[in-house]
Amino acid sequence: MTNNKEQESQNHAKQSKNRQKHNQNIKIIPLGGVGEIAKNMYIVEVDDEMFMFDAGLMFPEDEMLGIDAVIPDISYVIQNKHKLKGIFLSHGHDDSIGAIPYIMDKVNAPIYASKLTLALVKDALIEHKVERKVKFFTINEDSVMKFDHVHMTFFNTTHSIPDAYGVALHTQYGAIVYTGEFKMDQTMQGKYSMNIIKMSEVASNGVFALISDSTSAEKQGFNTPESEIGSHILDEFSKSKARIIVSCYASNFIRIQQVLDAAASTNRKVSFLGKSLESSFSIARKLGYFNIADDLLIPIHKVEDYPDNEVVVIATGSEGEPIENLQRMAKGQHNILNLKPKDNVFITTTPSSNMEVVLYQTMNDIVKAGANIISNAAKVHASSHGTSEELRFVINLMKPKYFIPVQGEFKMQIAHAKIASETGVVPENIYLLEKGDVLSYDSEQMTVLKKVEASNVLIDGRGVGDVGNIVLRDRRILSEDGIFIIVVTIDKNKKEIVAGPKIQSRGFVYVRKSEELLQEADEAVIEIVKDKLSENRLDWSEMKSDIRDRLGKMMYDETKRRPMIIPIIQEVKS
């Protein structure tokens, strides 16, 4: 179980030592979050002290069959775990906190984050039955965390979840600033507002390096203000006479609050469909991050008890993504609630590249079900990440000596690097890093050293890292071309086949319509086994290899497919 005793930052600062030393060596190492979206993890070392910025996961790509999640490889951190002084989390999304339950049994370091982020982390640790005691430190904009060689300060940023923070690690050369994921929106207030004054204070003392979010660097101009989106949602709710279904990310608290506000203004009840959505909402509401009337929410099984023009359903998938439940509802396959004619469906997200096909298939299914789509046009969508002019503003404000674009695919990092160059950062001081690159400063020059280990660690059920590329390859082959199993029983002493070959095929060919091919395979196996039995020394592995090679070529020549071929040789003794 986790240690629930939270220590406020001011008390911790007083108890910490503050022996400032000459900072001779600095290293910045991305273990995730570069060349990809999500899985954020960045290591900063100052002499003999190590700090981790974010510990996120990434949901698997289509070809990662059976994989639940992907986390960064922390082999380097484990090798140097005596140096690790703390894990600093910028916000409460899975791409920044999702790896925590999987790494805390390997490292022993306190976690520093905002009140909401810590609450979400604690819930994840309980869900994953993590037993190690973890120290938590709640941070806010007044926090100062002091260590032997550096100290940390924090500033509010705007993101789709409240209580998001950027981190400034203060060194002798200036601050190393990690923005976390952010956007700029002057209509956002309270826990969602960006504190530009605090950021200016950091900048006034000099920024040595800026590590910044690149996800929307390719998008020109500024984001649509959230106030406009809220007004549009209210307008559509006011016009609708039918039931409303809203599809959004469970982690987009801004959008959820806007839907709740619009529902309250139009006298509609709201119900949640999605485990992740219900869990995160419950945690945030208990902490006061959602402002709603007590009677606004109803259980999902009560929706049918109300007239269609008096309900709104917010639907997400099991992992909080926006499409899964909506897809099942559109096909009439959901066990609780399905779409019906005249439903109005809001899709309030722009799909990522690996979600586009699924989204457009789902939209077709929605139309087939007779529902109406209110699409994710500019009026109902804004990115949760800074666009080109917003990124330009932050770079201008910080005026860093060195710039490291992160949190995005490589083309996004390049777009962000171009913005930095146009904004005055010397091109030679802009570093496009890959996972495992070691960016090192020795008080005189910045250089990129030899990589450290930084591969993907795959999560499959309770298994962490026990599924590798070979297993994924086998799963892909099984899913694409099926399996072909050959069972032969031999008598080694008599050097003869006792039974078989018996062939089983799954997902490759329909046996009854492929008798000629199977007969040819039978004959080939018999020939190979008899040849091997006639030799003085029987090599089992060689026999299996010959069967795989011969049948593999035969199957490809006949079908242009490559099934997984598994020869099973059994022995009986006479």
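In what order do the five strands of the open sheet run, and is the pairing parallel or antiparallel? The order is S15-S16-S14-S17-S18, and the pairing is parallel. What you have here is a predicted model, where local features need pLDDT of at least 70, side-chain atom pairs count only at pLDDT 80 or more, and totals for chains, interfaces and linings use all residues. Residues are numbered from 1 along each chain as its sequence is written, and side-chain values use heavy atoms, with hydrogens and water left out.

**The open sheet**

- A word on labels: helices (H or I, at least four residues) and strands (E, at least two) are DSSP runs, numbered from the N terminus.
- Two strands count as paired if DSSP finds at least two bridges between them.
- Strand S15 (269-273) and strand S18 (372-374) sit at the edges with a single partner strand each, so one side of each has no neighbour in the sheet.
- From one strand to the next, the twist averages 25°.
- Inside the sheet, strand S14 (residues 244-247) pairs with strand S17 (residues 344-347) over four bridges, in the parallel sense.
- Ser247 is the residue standing opposite Ile347 in S17.
- Helix H11 (residues 356-368) packs on this sheet and touches S17 and S18; contact here means heavy atoms within 4.5 Å.
- The direction of H11 makes about 170° with that of S17. For such angles, axes are lines fitted to C-alpha atoms (for helices, over the stretch in contact), and values run from 0 to 180 degrees between N-to-C directions.
- As a general point, side chains in a regular strand alternate between the two faces of the sheet.

**Salt bridges**

- The count comes to 24 salt bridges, each being a side-chain nitrogen of Lys or Arg within 4 Å of a carboxyl oxygen of Asp or Glu.
- For exposure, buried means under 20% relative accessible area, exposed means over 50%, and partly exposed is in between (1.4 Å probe, protein chains only).
- Lys239 and Glu236 make one of these bridges, at 3.5 Å from N to O. They are three residues apart in helix H7 (residues 226-239), which means about one helical turn separates them.
- Glu409 bridges to Lys411, with the closest N and O atoms 4.0 Å apart. Glu409 is partly exposed at 24%, and Lys411 is partly exposed at 44%.
- Lys532 and Glu542 meet at 2.5 Å, N to O. Lys532 belongs to helix H15 (residues 515-533) and Glu542 to helix H16 (residues 540-559), so this pair ties together parts that are 10 residues apart in sequence.
- Lys532 is buried, with a relative accessible area of 9%, while Glu542 is partly exposed at 33%.

- Thr423 lies in the loop between helix H13 (410-422) and strand S20 (438-441), and at 16% relative accessibility it counts as buried.
- Leaving aside neighbours within four places in sequence, Thr423 is in contact with Arg392, Ile395 and Asn396.
- Leu432 is in the loop between H13 and S20 as well, but Leu432 is partly exposed, at 34%.
- Phe410, Ile414 and Leu432 make a nonpolar surface patch of about 240 Å². Patches take residues with over 30% relative accessible area and no salt bridge, joining like charges within 9 Å and nonpolar side chains (Val, Leu, Ile, Met, Phe, Trp, Tyr) within 5 Å.
- S20 runs antiparallel to strand S21 (residues 446-449), joined by four bridges, and Ser440 stands opposite Thr447 in S21.
- The two strands S20 and S21 form a hairpin with four residues between them, and Ser443 in the turn has a positive phi of about 85°.

**Gly92 and its surroundings**

- Gly92 sits in the loop between strand S6 (84-88) and helix H3 (94-97), where Gly92 is buried with 10% relative accessible area.
- Which residues does Gly92 touch, not counting those up to four places away in sequence? They are Ile97, Thr117, Leu120 and Ile161.
- Gly92 and Leu120 are 28 residues apart along the chain, and their C-alpha atoms are separated by 6.5 Å.

Definitions and conventions: Accessible areas come from the Shrake-Rupley method with a 1.4 Å probe; for residues, only the protein chains shown count as cover.
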